[in-house]
Amino acid sequence: MKTKEYILACVLATTGALVVVFILWLMSVISWAIVWATLSFGFIPIAIKAMNFYQEHDCYDIDD
């Protein structure tokens, strides 16, 4: 194998690895965004109940 071919093989291998890592990173970011959205949606009823309780009992601050 000539030096040029060896360098080209290294560049292709590095580029391929970079593409795979980028795809895995992107999938990781998307999955955490889905987890965050699901949890946010799930906590809406709890937040509404807390606000209603706060308003019904005329609380002055969070300690009440």
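Mentor: Trp25 has a relative accessibility of 49%, and it therefore counts as partly exposed, a label that lies between buried, under 20% relative accessible area, and exposed, over 50% (1.4 Å probe, protein chains only). Keep in mind that this is a predicted model, in which local features need pLDDT of at least 70, side-chain atom pairs count only at pLDDT 80 or more, and totals for chains, interfaces and linings use all residues. Residues are numbered from 1 along each chain as its sequence is written, and side-chain values use heavy atoms, with hydrogens and water left out.

Trainee: What makes Ile34 exposed?

Mentor: Ile34, which sits in helix H1, has a relative accessible area of 53%, so it is exposed.

Trainee: Why is the pair of Phe22 and Trp25 called tilted?

Mentor: Rings of Phe, Tyr and Trp (its six-membered ring) pair if their centres lie within 6.5 Å, and planes under 30 degrees apart count as stacked, over 60 as edge-to-face and the rest as tilted. The search of the whole structure finds 1 aromatic pair; the ring centres of Phe22 and Trp25 are 5.6 Å apart and their planes stand at 35 degrees, so this pair is tilted. Phe22, at 47% relative accessibility, counts as partly exposed.

Trainee: How do you know that the reach of H1 is close to the expected one?

Mentor: The expected span is 1.5 Å times one less than the number of residues, and H1, with 54 residues, reaches 79 Å from its first C-alpha to its last, close to the expected 80 Å.

Technical notes: Helix = DSSP H or I, 4+ residues; strand = E, 2+ residues; numbered from the N terminus.
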